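Subject: Structure handover

Hello,

Here is the structure for your files. My notes follow below it.

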Amino acid sequence: MIAMEQTVKCVVWDLDDTIWDGVVLEQDAPVPKADALRALDVLDRRGILHAVASRGEYEPAAAHLRMHGIEELFCAVDVGWGPKSEAVRRIAETLNLGLDTIAFVDNDPVERAEVSEALPPVRCYPAEQIASFPDLPELTPPAVTEEARQRRSLYRAERIRQVSEQEFHGSNSEFLASLELVMTVRRAAEDDLERAHELTVRSHQLNTTGRTFGLDELRRLCASDDHEVLVASLGDRFGGYGTIGLAVSEIRGDDSVLQLLLMSCRVMSRGVGTALIRHVVERARVHGRHALAEFVPTDVNRVMLVTLRFAGFDVVDPNPDRMLLVCNDVRSAAAPNADHVVVLSEDVAP
């Protein structure tokens, strides 16, 4: 039995006889159902993504979505004649989501059975249940942040960004420079805590210590005179990435010790980790403090140790359970993929 505790992050919809009654290729001119439109709208405002996995021809299906003004609600549209399970799998990969966070809705029990058999973690629903979607607990996130409400636009911008990268003629560094990346760093406020907590739970590969923080603990750290909690958001010429970084430092006399620095895996290839570390180091120096950092090795986070070293940190205590590093210089020339990131401070004065 599949655990249902995980909130659904994306609903994958069949089209014919599901979102609308009728078949587009049979010239039925179907109109989207009122219950489907309501579910699409309510879940979208909760930050739950929508995608399409349907049988038929792509162009007529996309044109029909466009004609009824709902094409923009979908972050991925996969229409063809292959197994629905393959379409669902492609959508999960495109959106970088786990199958256990995907729901699939289809009027045909055979299609639902095929998806359920091939992809057991995916939750499948009959079209008759659409009216109840806004009331289902697995489609009701525990909290809806401003960033969640913008999630669809973030994913759509990322899709355009990926296409641009594939079509770009030039080196990776030239492409990164062309993005016009701007990182904004600010002290975490109450509205940031849900996203900050989510980052600590989800970001493992780009986490210096592997620590996680609950909401109450983050709230306490934000209120503490001995700690500084910073969040970083990122944008480029295509749009925003949302909040993608978190830095938690403890003030110990003349030392500012970075207890946790993490980045969203979505920006791993953007070279922004070094830029955030440089900013944290500069803040410590402005206030007359030495910049130190803790590092706890895990099976997947070695890249963060490399990032710290590139940013000028040297190991002073090699304890394998919790290394301690100190920043002796800022190695701008050696740090890869950082000089193209403009860093702005927003309301970070202590």
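Threonine 243 is buried, at 6% relative accessible area (buried means under 20%, exposed over 50%, partly exposed in between, with a 1.4 Å probe and protein chains only). Threonine 243 lies in strand E8, residues 239-252; helices (H or I, at least four residues) and strands (E, at least two) are DSSP runs numbered from the N terminus. Leaving aside residues up to four places away in sequence, threonine 243 touches Glu147, Arg186, Arg195, Leu199, Val231, Ala232, Ser233 and Arg266, where contact means heavy atoms within 4.5 Å.

The model is predicted: local features need pLDDT of at least 70, side-chain atom pairs count only at pLDDT 80 or more, and totals for chains, interfaces and linings use all residues. Residues are numbered from 1 along each chain as its sequence is written, and side-chain values use heavy atoms, with hydrogens and water left out.

An open sheet is formed by 5 strands in the order E3-E2-E1-E4-E5, with parallel pairing (two strands pair if DSSP finds at least two bridges between them). Its edge strands, E3 (76-80) and E5 (123-126), each pair on one side only. Within the sheet, E1 (residues 10-13) and E4 (residues 102-106) pair in the parallel sense over 4 bridges, and valine 12 stands opposite phenylalanine 104 in E4.

Helices H8 (residues 193-202) and H9 (residues 215-223) pack at about 115 degrees, their axes 9 Å apart; axes are lines fitted to C-alpha atoms, for helices over the stretch in contact, and angles run from 0 to 180 degrees between N-to-C directions. From H8, Leu193, Glu194, Ala196 and His197 meet Leu215, Leu218, Arg219 and Cys222 in H9.

Regards
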